[in-house]
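Please consult the sequence and the 3D structure shown here.

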Amino acid sequence: MSAQISLTLLPSARCLFDEPVQVKVAGLRSKQLVTLRARSTDEKGVVFNSSASYRADGRGDIDLNRDASLSGSYVGVEPMGLLRSLKADTSHKYFYKSKTLEPFMVNFSVHEEEEGGMLAEATNERRLMGDGVMRVPVEVGNSQGVLFTPPEGPFPAVLDLGTFMSEKRASLLANKGFIVLAFPVFNDPKLERINLDDFEEAVKFLQNQPKVSSKGVGIISRSKGADIALSLAAFVPGVEAVVWINGCSANVGIPLYYKDRQILSPLMFDFTKVIPSESGANIIKHAVENPLAEENKGSIVPIERAGSHFLFVASEDDLNWDSKGYLDDMVARLKRHQKKNFEIVMYPAAGHLLEPPYGPHCPSALHGMLRFPVMWGGEPQAHAAAELHLWKKIQDFLRTHLSCNPAQSKSKL
């Protein structure tokens, strides 16, 4: 490495996961062509890499906030492009990062053109938990979750429903001033039924936290978690606001029970409608049965009976299922019932896996339930822009609708 050449991360090499950094290189020759690289290893030991070619200005400087990549993992001006485009050497790999006590470590380096030697490097420590946030594993009903509590307070309460257990989104939301319980839909993928009572226990658990300011609880959810969130809003008291991201309007896959009786039948898959792709991943978007067909109407979640506020978010390039179609169905149904308790956000070129910003884009990966690779969709740059926009929208929506009125409603069933 050259002592005169530096790679700097601003404002600091240490930041939160959902914060941008400015990557700058100084000390190069005027107009020198170099390759910038990023490298990180996920919690399963899979190595992800990205690279982009840049030409220094007349002073020998490169600024990723200003300068365009000429070739590589992306082209054009994209300040966080090296993070967004991190990719494993093998196909269909999702970057696993859920251990909130360990930061997301990314090594940035600048190299002589092509396979030349390294000129400078710096490591970005991207933390999931802010200073003072408490992480406490908890047992709620028949499941285990993790509670994140910011310092001081009081704060609004949010239930983060993941299809499987993940702490990333919950911890990042807690950094913004919410008490968040990360809670999985599935502890056992072989479940024969889902009990809504377990999630009602999670709602009550949050309401009883001493630092909670809101009368009701917010829910953030995606995919299978999203139809559980709708069901909570429809059947369980205390749900004030729901963020539904790329979910279904019906109860998918497994019968839903509440108070020991089935309340929603399962909307099933027709695997003859799975479309294989050249990459080896499958498009399952059209394999879900039509919830509006007469024989499937018992699976539709009756959100028209909910008093909650809804934020419906759909990606139009979601290849997992027809999120936009389900959103349109729900909006039409609410309008027929003279309901105005919803907002919609649609992202034309985003895919299924909308997550907090600045993580690696995942176009395809092993499906957690179906156990074969599936296409998630999304044009990478547009998907990253959608994640950035949505992250702020979610926070604004939850703050607006999680009020501090102590009144409680009675059971809806």
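Cys248 counts as buried because its relative accessibility is 0%, where buried means under 20% relative accessible area with a 1.4 Å probe and protein chains only. Cys15 is also buried, at 6%. The model is predicted, so local features need pLDDT of at least 70 and side-chain atom pairs pLDDT 80 or more, while totals for chains, interfaces and linings use all residues. Residues are numbered from 1 along each chain as its sequence is written, and side-chain values use heavy atoms, without hydrogens and water.

- The whole structure contains zero disulfides (pairs of cysteine sulfur atoms within 2.5 Å).

**Ser40**
- Ser40 belongs to strand 4, residues 33-41 (strands are DSSP E runs of at least two residues, and helices are H or I runs of at least four, numbered from the N terminus).
- The relative accessible area of Ser40 is 2%, so this residue is buried.
- A polar atom of the Ser40 side chain lies 2.6 Å from the backbone oxygen of Met105.

**Annotated active site**
- An unreviewed UniProt entry places the feature "active site" at Ser223, Asp318 and His352; such annotations may be inferred rather than shown by experiment.
- These residues are spread over 130 residues of sequence, yet they cluster in space, with a largest C-alpha distance of 10.6 Å.
- Ser223 lies in the loop between strand 16 (212-222) and helix 4 (224-235), and is buried at 14% relative accessibility.
- Asp318 lies in the loop between strand 22 (309-315) and helix 5 (323-336), and is buried at 0%.
- Beyond neighbours within four places in sequence, the contacts of Asp318 include Lys285, His352 and Trp376 (contact means heavy atoms within 4.5 Å).

Conventions. Buried means under 20% relative accessible area, exposed over 50%, partly exposed in between (1.4 Å probe, protein chains only). A polar contact is a pair of N or O atoms within 3.5 Å; within protein, one must be able to donate a hydrogen and the other to accept it, and residues adjacent in sequence count only if both atoms are side-chain atoms.
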